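Here's a quick briefing to read alongside the structure. It goes through the charged pairs, then a loop residue, then a bit of surface.

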Amino acid sequence: MTHVVGVDAGGTSTRAIAVDASGVVLGAGRAGGANPNSHPPPEAAARIASAITEALGGLDPAATAACVVGMAGVSKLSDPAIAEIFETAWKDLGISPVRTVPDAEVAYASATSAPDGSVLVAGTGSIAGRVRGRRMVSTTGGYGWLLGDEGSAYWLGREAIRSTLDVLSLGGEPGPLARAVLAEALGPSAVDSVDSVDSGDWAGLWRALITSANAEAPIRLARFAPLVSEADRAGDPAADGITTRAAAHLVTNVMAARDPGETTPIVLVGSVLSPEGPVGAKVRAGLAGLEALTSTDGVLGAAWLAAVDAYGEGAPRPVSAAENTKNAP
């Protein structure tokens, strides 16, 4: 009896599942983040190995017919020295072959079996990709916080800070978004200051907010993104403007990754694109008339890609890692 292994290795967590030829999940494992751009590569490799080991449980690693690892930051493996670290981890595990792909590819495969389409990712960062033969052959965006990541959580957080600074410098009336940003960045007393002084005296808050935003790693601005969504739901025009621009950026990027008139699926991935969030809703409205699907579990996509590698196109798709693991022998 053989099995395959699928891994979804992100910046904050890593998950692995072992699946048999019938699609039953035999075991699951979890570890910390394993993006080699944000974690030391030896640590990232060790975490992936730990999650795979836990997923295999008592299964024979040598009976692994295929393994697909969807990895955020996979481009780091273009460095031969870094790639060797991961190759050593696979050898120590005793599994072969291992195919490492971008996390967007496993997210795409988790939502559709269509070989061709597009994928749009908007979490902390953002990227759109053209998928052909289940492989991402070109991308739009994805340049990182300094050069792009339009519509991402980082971008939303940055725009929230900028919007609040504009209110403070121009003497506007702080709305729900500005108040939430000040409370998050400077503490509740900052909101009290807004209410207790004239608009002309907000220069101190303006300087303090700039100082606070620049004192942390830029990517930390992503923590302000949920405040934008909450303020949008509360009817704040500033927040509505930010989420509308975010959605427009994202729709533009994913459409740039498609041929004119293309009707293949578009898979939406990431917290910013949740159907319940305002950006996700506006992106879906912008893609009206196209098949827009939501990826919810990249590890299932990784396992199915491994199953296709091992057993061919007829390999069944795992439905739910949690449910199948409960029923596994």
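This is a predicted model: local features need pLDDT of at least 70, side-chain atom pairs count only at pLDDT 80 or more; totals for chains, interfaces and linings use all residues.

**Salt bridges and surroundings**

Glu 159 pairs up with Arg 245 in a salt bridge, at 3.1 Å from N to O.

**Charged pairs**
- Arg 245 is partly exposed, with a relative accessible area of 39%.
- Lys 282 and Asp 240 also meet through their side chains in a salt bridge, this one at 2.8 Å.
- Lys 282 sits in helix H10 and Asp 240 in helix H9, so this pair ties together parts 42 residues apart in sequence.
- Both ends count as partly exposed: Lys 282 at 25% relative accessibility and Asp 240 at 35%.
- Salt bridges with shared partners join Arg 130, Arg 132, Arg 258, Asp 259 and Glu 262 into one network.
- Across the whole structure, the search turns up 18 salt bridges.

**Asn 35**
- You'll find Asn 35 in the loop between strand S3 and helix H1.
- Asn 35 is buried, at 13% relative accessible area.
- The Asn 35 side chain reaches the backbone nitrogen of Asn 37 at 2.8 Å.
- Beyond its neighbours within four places in sequence, Asn 35 has contacts that include Gly 10, Ala 44 and Gly 73.

**Nonpolar surface**
- Tyr 143, Trp 145, Leu 146, Leu 147 and Ile 219 make up a nonpolar surface patch, with about 570 Å² of accessible area together.
- Tyr 143 lies in the loop between strand S8 and helix H4, and counts as exposed at 55% relative accessibility.

Notes:
Residues are numbered from 1 along each chain as its sequence is written. Side-chain values use heavy atoms; hydrogens and water are left out. Helices (H or I, at least four residues) and strands (E, at least two) are DSSP runs, numbered from the N terminus. Buried means under 20% relative accessible area, exposed over 50%, partly exposed in between (1.4 Å probe, protein chains only). A polar contact is a pair of N or O atoms within 3.5 Å; within protein, one must be able to donate a hydrogen and the other to accept it, and residues adjacent in sequence count only if both atoms are side-chain atoms. Contact means heavy atoms within 4.5 Å. Patches are made of residues with over 30% relative accessible area and no salt bridge: like charges are joined within 9 Å, nonpolar side chains (Val, Leu, Ile, Met, Phe, Trp, Tyr) within 5 Å. Accessible areas come from the Shrake-Rupley method with a 1.4 Å probe; for residues, only the protein chains shown count as cover. A salt bridge is a side-chain nitrogen of Lys or Arg within 4 Å of a carboxyl oxygen of Asp or Glu.
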